[in-house]
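Me: I'd like to go through the labels on this model and ask what stands behind each one. Could you set the values against the cut-offs for me?

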Amino acid sequence: MSAPQQTRWTYAARGDETPRSKWRIGTWLLLALCFIAFYAIYFSPALLKHVLLAPGDGEIYYLPLFRLPITEFWNDLILSGYPVAFDIQAMTLYPLRWLSPTFNTLVISAYVVAALGMYGLCRKLTGSRLGALTGALVASGSGFMLGHLGHLTIIHAAAWMPWVLWAVLAARDASWRPVALGAAAVAMCVYGGHPQLTVISLLFSGSYALFLAAATAREFDWNVALRYLLRITVLFAAGLLVAAPALVGLLDSAGQSVRAAWSINDFASFSHDFLSLRLLWFPNLYGVYGPGPYGYYSGPFNLTELALYAGIGSWMLASLAVIAFHRKFAIWFWVGGVVMGLLLALGTATPLGELVYRLPVLGKFRAQARFGWILIVSLSVLAAYGVAAVMGGRLQARGRWGAWIVSLVGLSLVAASVMAALPGNVLAHAGGALSAPNVVIPLVLIAATALLCAFWLHRPGHGRFAMLLVLLVLDLASFGYYHDWKYSIAVADSVGPARYAPPPPALTRGDGRVLPFGANEWPAQTLRPNVNMHFGVPSAIGYGPLLSARYAQVTGTDPTGSFPRVPLDAPILDVLGVRWIAGDLANSDPQLLGGGCGVAVPKDSAAFVVPEGTQVDQVRVVSHMACSEALKDGTPVAMLDVIAADGAKLAALPVEVGRDTGEWAHDRIDLVGVIAHRRPQVADSFDAGGFQGHNYEGAWTVEPGFPARLKINIVPGGKAPLKVVQVQVRDARSGMWQSLASADASAVRPPALSPPLAWGGETAIRERHDYRSMAWVVCKTQQADLPTIAKILSASRSDTGFDPFETVLTEKRLILPNACQHGASADIVERRNGYWRIRTQTNGPGVLVVSSAYHHGWVAEMGGRSLSVIPADGILLGVPVGTGSHEIVLRFRPRNFTVALWVSGATLASLAVMLAWGFRRRREGIQTKQGQS
């Protein structure tokens with residue numbers, strides 16, 4: 001028995017399959033244009049001002065990668081060289097990236113893809129155009145999609161889940177066309193670039209396929225179900241083969257990255273707890289990331305990951321679907337999706353999360369709130385079913401009003417839970433909780449949705465439903481329209497955000513890298529990783545989750561772009577080809593001064609060293625106080641002394657409460673209305689467990705001079721401790737700010753650096769005078785394991801006596817018989833991304849060391865003969881060379897990636913044949929029916 005074209009449990013309104021035609025294709029194109037127009041209007045506040053839709057990670061990670069050439073598989077601009085083709089989040093092989101002329105086009109395309117996929121899935125399931133439109137708007141405009149707008153790969157990988165589900169459903173029709181199209185959707189989901197969302201999407205879609213197979217066997221027989229499972233197996237297998245290049249790169253980089261293993265705490269990070277689930281109905285309860293009507297966010301960390309809002313109307317419509325179709329087998333898969341997505345989003349708050357942590361693949365990801373995408377998609381489908389049930393007359397009046405009452409009672413209970421445990425930011429509202437927009441607007445939306453829904457249920461009609469749908473869109477926008485994309489302003493120009501100052505030309509010549517100390521703490525600016533890629537500035541650090549564990553172990557850097565403070569004569573700087581040092585050279589550790597408030601050993605003063613030759617005209621101190629709520633404005637708590645080299649006091653500056661410093665917990669609930677001083681200028685804020693703690697900035701102008709140190713002395717009798725987080729001075733000649741090291745910190749050997757370069761940025765840039773080259777030949781080898789290599793390279797050269805230009809460190813023993821002596825040379829003839837051509841001259845065997853990150857994909861040739869490439873100094877390219885003059889060519893040419901490209905191409909060709917064959921059979925079938933009629 002063959003599967004029918006229409007089954008009883010899809011609830012389609014039409015009774016037959018309409019043949020595909022130009023009119024139908026035109027309809028889909030028109031629908032796509034409508035969704036494009038909708039989201040263009042939605043994001044118009046940014047688009048009309050030529051603002052990039054790139055908040056957060058969008059600006060510092062995805063935008064720089066978007067501007068890289070898609071034909072280059074190696075990027076020399078971060079991490080001393082980086083296999084960008086193996087970074088799935090770079091989206092190098094993603095077709096929509098190729099087709100997008102601008103970054104904003106690529107962002108908006110994710111919402112259009114999600115909307116079209118949900119429309120097709122819901123239309124296939126319900127047969128209702130209005131229901132499909134509802135599902136499309138709910139899923140694409142949900143808090144998940146808008147909250148993750150800055151995470152380009154998350155929204156693109158998620159956008160293809162509805163397409164895969166649609167193909168899995170359509171494959172029941174005994175046709176191979178959905179198999180070919182579904183395989184393409186699977187590949188696009190992988191190429192979308194986010195492994196976690198890809199795994200979630202494929203697992204959920206695979207579960208749906210098993211559910212449909214069981215339903216098919218239940219309705220027909222197992223032979224039909226097994227043939228369906230065969231088509232599904234081909235669908236997923238072919239899709240993964242098309243995505244083979246991305247998967248090969250992912251497996252390679254993930255296995256070598258610092259994220260190869262997670263602790264259970266890492267796994268559980270960015271998950272919901274039971275209290276934060278109220279965000280599903282009160283999306284702005286804790287505020288938002290911007291100066292909108294809801295105040296700044298002060299809830300669980302962080303809102304971007306916890307945003308799962310799908311609108312009030314979606315829950316009401318879903319309740320209608322459950323009441324209408326509760327006796328039907330198919331509806332319970334989507335109910336299960338809502339429940340399972342909700343439970344998984346709680347992470348380890350339930351035993352289910354601890355079980356997931358122990359699973360082979362899923363346990364390797366953090367941010368369990370991302371399982372909420374399953375909840376969003378399932379809820380959108382149920383909302384479409386609810387619309388179809390009412391508009392199709394499938395629900396009697398008793399059922400309609402019963403579902404309405406149940407959903408209203410449920411929403412009332414949620415509202416009661418909010419009022420019973422209001423968050424601190426709402427309690428601090430001047431007019432009380434019932435005047436706070438965070439609470440009032442959701443309550444108004446609940447009431448308005450309930451009234452409009454009742455109006456529609458009383459007499460179902462298109463006009464009344466249109467009013468409900470408009471309210472649902474406005475409801476979704478009450479969160480998404482005020483999220484960070486609207487306030488993280490980055491005006492675009494031909495290079496990137498226009499506020500970036502162009503770097504000095506010397507940094508972009510490629511001869512030497514820049515090492516920006518403390519760059520991970522900087523706002524987005526020219527030399528922040530990975531913003532440096534906009535300008536072609538090579539950097540020894542980078543921002544990205546797939547940082548090589550080997551590189552991290554030897555250098556000490558981390559995925560945020562933090563680099564440890566090392567002596568500025570450390571061999572690691574030579575190894576990394578660092579020619580330029582940017583940022584603060586000294587590490588100013590926080591100093592806790594004064595007693596009281598639980599301080600065990602009071603410290604009355606702290607001194608900070610001013611680099612010799614710095615002409616100081618301004619001083620800045622970042623600090624905060626504790627247990628200081630009783631101190632009034634203007635109370636002096638410390639004196640800041642500016643001291644010359646001979647001990648003379650050049651200036652004595654009072655540090656006053658309410659102007660220069662203040663209580664760190666100024667916004668805590670129990671201090672609001674009690675604290676006696678105003679809040680000073682905030683330097684930065686931090687999550688303090690339900691509210692924002694603050695560091696404050698005090699600034700003073702002094703007569704330009706050359707002090708040797710600054711000293712902060714606590715005023716005698718003070719009972720509130722002062723934590724000095726950072727002390728900075730401004731050089732009057734260069735205009736650059738630099739942080740000062742405390743006088744009792746370990747001494748840092750004075751570097752041989754040039755004066756700061758003059759440029760338009762805020763960061764001081766200095767050149768290392770002892771920089772030599774990015775390629776050299778060594779004649780001595782020394783065997784050591786990675787921890788020992790890291791220790792040797794990060795220590796002072798004067799302590800260890802190690803010179804990387806004379807000796808190379810290797811993990812395996814390397815013997816050079818009759819090794820070369822001093823005088824070996826290496827000249828870089830040609831260099832570009834993924835390619836080096838170097839001429840060597842030696843009087844004996846040696847090792848060519850190239851300051852580019854080691855990867856097994858590099859191959860070396862000399863006169864057509866292959867040479868071995870080994871890890872040198874733990875992280876660089878090493879090529880053993882013989883006596884005489886040679887020209888060595890190094891290319892990044894990973895063989896497994898090349899094979900994967902061929903596999904992908906062959907599979908695509910097979911799918912094209914399958915698709916053409918399917919269309920031909922369909923056309924022949926239509927012609928046969930027309931001839932018989």
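Reply: Gladly! Helices (H or I, at least four residues) and strands (E, at least two) are DSSP runs, numbered from the N terminus. This is a predicted model, where local features need pLDDT of at least 70, side-chain atom pairs count only at pLDDT 80 or more, and totals for chains, interfaces and linings use all residues. Residues are numbered from 1 along each chain as its sequence is written, and side-chain values use heavy atoms, with hydrogens and water left out.

Me: Why are Tyr 39 and Tyr 42 said to be separated by about one helical turn?

Reply: Both belong to helix H1 (residues 22-42) and are three residues apart there, so about one helical turn lies between them.

Me: What makes the pair of Tyr 39 and Tyr 42 tilted?

Reply: Rings of Phe, Tyr and Trp (its six-membered ring) pair if their centres lie within 6.5 Å; planes under 30 degrees apart count as stacked, over 60 as edge-to-face and the rest as tilted. Here the centres are 6.0 Å apart and the planes stand at 50°, so the pair is tilted. By this rule there are 41 aromatic pairs. Ring pairs also link Tyr 39 and Tyr 42 into a cluster, with Phe 38, Tyr 111 and Trp 485 among its other members.

Me: Are Tyr 39 and Tyr 42 buried or exposed, and how do you know?

Reply: Buried means under 20% relative accessible area, exposed over 50%, partly exposed in between (1.4 Å probe, protein chains only). Tyr 39 has 1% relative accessibility, so it counts as buried. Tyr 42 has a relative accessible area of 11%, so this residue is buried too.

Me: What kind of aromatic pair do Trp 401 and Trp 404 form?

Reply: An edge-to-face one, with 5.7 Å centre to centre and 75° between the planes. The two lie three residues apart in helix H20 (residues 397-420), so they are about one helical turn from each other. Trp 401, at 29% relative accessibility, counts as partly exposed, whereas Trp 404, at 18%, counts as buried.

Me: How do you know that Arg 464 lies over the face of Phe 455?

Reply: A charge sits over a ring if NZ of Lys or CZ of Arg is within 6 Å of the ring centre and within 35 degrees of the ring normal. Arg 464 meets this at 4.0 Å from the ring centre of Phe 455. Arg 832 lies over the face of Tyr 835, also at 4.0 Å from the ring centre.

Me: Why are strand E18 and E22 placed at the edges of their sheet?

Reply: Two strands pair if DSSP finds at least two bridges between them. The open sheet has five strands in the order E18-E19-E25-E21-E22, with antiparallel pairing. Strand E18 (825-832) and E22 each have a single partner strand, so one side of each lacks a neighbour in the sheet.

Me: How do you know that E21 pairs with strand E25 and with strand E22?

Reply: Five bridges join E21 to strand E25 (residues 884-892), and three bridges join E21 to strand E22 (residues 865-867). Ala 860 stands opposite Leu 890 in E25 and opposite Leu 867 in E22.

Me: Why is strand E21 called largely enclosed?

Reply: Four of the five residues of strand E21 (residues 858-862) are buried, so the rest of the structure largely encloses this strand.
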